[in-house]
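Please look over the sequence and the 3D structure below. A short briefing follows, grouped by topic.

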Amino acid sequence: MVDQATQAAPDLRTTAFPPEFTPGARNAVTTCLRIQPSEKVTLITDERCLTIAASLVAELDQIGCTWNAFVLEALAPRPLIDLPATILEDMESSQVSIFAVEVQPNELHSRMQMTDVVNRRRMRHAHMVNITPEIMTQGMRADFLAIDRLSQAVLDKVRAATYVRATTPAGTDIHAQLNPDYRWFKTSGIISTEKWGNLPGGECFTAPGEVNGVFVVDGVVGDFLCARYGILRAHPLTINIEGNRITRVSSENKALERDFWAYTHTDENSDRVGEFAIGTNIGVDRVIGNILQDEKFPGIHIAFGDPYGAHTGAPWKSSTHIDVVGLEFSIWLGDAHGEEQIMRDGQFLLDA
């Protein structure tokens with residue numbers, strides 16, 4: 001049964017899309033979300049992502065499940081202040097949700113409203129923020145079963161560690177003390193009711209106990225700053241961190257420096273390291289200037305702001321969350337018995 005929402009929006013079943021999207025869409029629907037014919041799906045998209053959403057709909061139709069699709073611009077002006085009530089209502093009777101949208105500045109609150117429902121109802125949710133045709137034909141074609149095996153191997157090791165140490169050729173040198181009360185998760189692309197996940201997937205993350213050192217962002221920064229500034233290899237952003245807080249940022253690109261500083265000083269915890277993560281998507285071999293895929297690039301990314309406390313157990317909150325990605329990491333995990341290196345110059349040293 002198919003039940004597309006009747007808002008004044010394009011019919012996704014008649015929207016043409018490139019056939020190159022089909023492998024990635026099938027990966028999302030069958031491998032990652034494992035949608036069953038008996039289930040109902042809420043699909044949220046926007047005008048910029050219509051062709052990607054149409055490719056997903058074609059796979060939902062192949063399965064024969066019930067789905068409702070919503071195009072944001074047909075329901076509310078952008079940027080969104082709140083997620084439209086009709087979407088939130090539809091999610092209350094769905095087992096699965098998919099969010100394939102190009103986000104705009106200051107829309108994080110509306111996305112948090114969505115994930116609040118996902119978390120409360122333990123839905124399987126694919127978060128495809130800023131998904132692009134390039135990602136559909138790259139990261140979304142990855143072998144997510146292989147990524148899941150690697151992610152599990154990383155997860156087993158980091159859960160036993162008490163700290164992580166990491167360096168890069170660009171000058172990153174950080175030490176993350178881990179808090180045993182905060183949980184680690186994998187979002188490998190295989191999405192469960194335990195934790196919704198980004199697609200393409202491929203990371204293990206926690207809220208750190210305390211991070212100190214220097215993080216040089218020669219990959220990308222997240223949220224809407226990613227589209228604004230792209231890949232930072234030529235003009236990196238250097239972030240000094242003491243006691244889990246940003247103390248200084250510097251870059252030859254002064255506009256980036258100002259924008260990042262302003263973003264990370266939105267509220268009292270916007271400058272606090274809320275996420276510490278290891279990217280595990282071995283299906284991608286370079287950063288492309290899109291945080292959705294680039295944060296899964298093998299290595300370390302951290303985020304300042306909200307720690308996803310509902311999952312990690314961290315007891316504080318923030319209204320912001322911005323990721324930063326570096327390149328060519330060497331990573332060591334440590335405990336009372338010593339250190340183990342799990343990555344050298346961006347290459348994993350684990351068998352999985």
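Where is Pro 79 found? Pro 79 sits in the loop between strand E2 (66–71) and helix H3 (85–91). Keep in mind that this is a predicted model. The points below cover backbone geometry, aromatic rings, charges over rings and strand pairing.

**Cis peptide bonds**

- Most residues other than glycine have a negative phi, and most peptide bonds are trans.
- The bond from Arg 78 to Pro 79 is cis, with omega near -5°.
- Leu 199 and Pro 200 are also joined by a cis peptide bond, and here omega is about 0°.
- Pro 200 belongs to the loop between strand E8 (197–198) and E9.

**Positive phi angles**

- Arg 122 is not a glycine, yet its phi is positive, about 55°.
- Look for Arg 122 in the loop between helix H4 (108–121) and strand E4 (124–129).
- Arg 122 is partly exposed, with a relative accessible area of 49%.
- Asn 130 is not a glycine either, and has a positive phi of about 60°.
- The loop between E4 and helix H5 (133–136) holds Asn 130.
- Is Asn 130 buried or exposed? Asn 130 is buried, at a relative accessible area of 14%.

**Aromatic rings**

- A pair of aromatic rings is described by the distance of the centres and the angle of the planes.
- How many aromatic pairs does the structure hold? There are six aromatic pairs.
- One of them joins Phe 185 and Phe 205, with 6.0 Å from centre to centre and 25° between the planes. This pair counts as stacked, because its planes are under 30 degrees apart.
- The pair links distant parts of the chain. Phe 185 is in strand E7 (residues 185–187) and Phe 205 is in strand E9 (residues 203–206), 20 residues apart.
- Tyr 308 is partly exposed, with a relative accessible area of 26%.
- Which residues form one aromatic cluster? They are Phe 185, Trp 196, Phe 205 and Tyr 308.

**Charges over rings**

- Trp 196, a member of the cluster, has the charged end of Lys 195 over its ring, 3.4 Å from the centre.
- Trp 316 has Arg 272 over its face, at 4.1 Å from the ring centre.

**Strand pairing around E13**

- Strand E13 (residues 273–279) has seven of its seven residues buried, so the rest of the structure largely encloses this strand.
- E13 pairs with E9 in the antiparallel sense, over four bridges.
- Phe 205 has Ala 277 in E13 as its bridge partner.
- E13 is also joined to E14 by six bridges, and these strands run antiparallel.
- The bridge partner of Glu 275 in E14 is Ala 303.
- In a regular strand the side chains alternate between the two faces of the sheet.

**Tying it together**

Conventions
Residues numbered from 1 in each chain as written. Predicted model: local features only at pLDDT ≥ 70, side-chain atom pairs only at ≥ 80, totals over all residues. Heavy atoms only, no water. Phe/Tyr/Trp six-rings, centres within 6.5 Å; stacked < 30°, edge-to-face > 60°. Helix = DSSP H or I, 4+ residues; strand = E, 2+ residues; numbered from the N terminus. Buried < 20%, exposed > 50% of the residue type's maximum accessible area, 1.4 Å probe, protein only. Lys NZ or Arg CZ within 6 Å of the ring centre and 35° of its normal. Pairing = 2+ DSSP bridges.
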